[in-house]
Amino acid sequence: MSWQQNLITTADGITALLAATRRIAVLGIKPESHDDQPAYFVAAAMALAGYEIVPVPVYFPEVTTILGQPVFRKLVDVPGTLDLVDVFRLPSALPAHLDDILAAEPRAVWLQSGIRHDAFAEALARAGIAVVQDRCLMVEQQRRGAKPAP
């Protein structure tokens, strides 16, 4: 299998990824005090749809829980398996997170709408991690009526 096959760009690929996803770490999530921003309300919508959300904020050092879940400061510190890392970071900030993502070994990484970094995506794909770029996870989930994997 070539690494390019880990770059998910088709509707069928997204459907399959969502069908296999249950646990989502949200890198760059914002707390409830920012509930009008996508970095909060996308995660909240996914939680309402039944997905387990693991908050990994970059800022807000005083926050210890988001969406009722304990906060982790690094992906590698999250216990258990991560099906998906949903990323809310500027493209220029992504390389600084690469080692942490690789160490956490998620099955997939999702770069939200407006976030694209081809070299970053290639590095993840070459490591065997599926990657979606520049799409809204909430929109894709709602479009498909996807529910978490059992």
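Modeller: Happy to, and please remember that this is a predicted model. In helix H1 (11-19), the buried residues are Ile14, Leu17 and Leu18.

Biologist: What makes them lie on the same side of H1?

Modeller: Their directions cover an arc of only 95° around the axis, so they share the same side of H1. Among what covers these buried residues are strand E5 (84-87), E6, E7 and H5.

Biologist: Which residues of H4 are buried, and what puts them on the same side?

Modeller: Phe120, Ala121, Leu124 and Ala125 are the buried ones in H4. They cover an arc of only 135° around the axis, and therefore sit on the same side of H4. Their packing partners are helix H3 (98-104), E6 and E7. Turned away from that buried side is a face with the exposed residues Ala119 and Arg126. After H4 comes Gly128, with a positive phi near 90°.

Biologist: Which residues have the most contacts inside the largest nonpolar core?

Modeller: Ile24, Tyr51, Ile53 and Leu137 do, in a core of 31 residues. Two or more residues each come from H1, strand E1 (23-27), helix H2 (38-48), strand E6 (108-111), E7 and helix H5 (137-144). H2 gives the most, with seven residues.

Biologist: What does Tyr51 touch?

Modeller: Leaving aside residues up to four places away in sequence, Tyr51 touches Leu18, Thr21, Arg22, Ile24, Met46, Gln141, Ala146, Lys147 and Pro148. There is also a second, separate core of 22 residues, with Val78, Leu82, Val109 and Leu111 among them.

Biologist: Why is Leu67 called partly exposed?

Modeller: The relative accessibility of Leu67 is 23%. Buried means under 20% and exposed means over 50%, so Leu67 counts as partly exposed. Leu67 is found in the loop between strand E3 (65-66) and strand E4 (69-70).

Biologist: What is the phi of Leu67, and what is that of Asp134?

Modeller: For Leu67, phi is near 55°, a positive value in a residue other than glycine. Asp134 also has a positive phi near 55° and is likewise not a glycine. Most residues other than glycine have a negative phi.

Biologist: Now the pockets. How do you know where empty space is left?

Modeller: A probe the size of a water molecule is rolled over the atoms, and that shows where empty space is left. The largest pocket found here has a volume of about 210 Å³. Its lining has 13 residues, and Gly28, Lys30, Ala39, Phe88 and Arg89 lie nearest its centre.

Biologist: How do the residues of that lining divide by class?

Modeller: Ten are nonpolar, one is polar and two are charged.

Biologist: Which element gives the most to the lining of the second largest pocket?

Modeller: H4 does, with three residues. Helix H4 (118-126) and strand E7 (130-132) each supply at least two residues of that lining. The second largest pocket holds about 160 Å³ of space, and the residues lining it include Trp3, Asp118, Ala121, Glu122 and Val131. By class, its lining has six nonpolar, two polar and four charged residues.

Key
Residues are numbered from 1 along each chain as its sequence is written. This is a predicted model: local features need pLDDT of at least 70, side-chain atom pairs count only at pLDDT 80 or more; totals for chains, interfaces and linings use all residues. Side-chain values use heavy atoms; hydrogens and water are left out. On a 1 Å grid over the protein atoms alone, a cavity is a set of points where a 1.4 Å probe fits but cannot get out, and a pocket is an open set with protein on both sides within 12 Å along at least five of seven lines; lining residues have an atom within 4 Å of a point. Grid points are joined across faces, edges and corners, and a volume is the space filled by probe spheres set on the points. Ala, Val, Leu, Ile, Met, Phe, Trp, Tyr, Cys and Pro count as nonpolar, Asp, Glu, Lys and Arg as charged, and the others, Gly among them, as polar. Helices (H or I, at least four residues) and strands (E, at least two) are DSSP runs, numbered from the N terminus. A nonpolar core is a set of buried Ala, Val, Leu, Ile, Met, Phe, Trp, Tyr and Cys residues joined through side-chain atoms within 4.5 Å. Buried means under 20% relative accessible area, exposed over 50%, partly exposed in between (1.4 Å probe, protein chains only). Contact means heavy atoms within 4.5 Å. The arc is that of the directions from the helix axis to the C-beta atoms.
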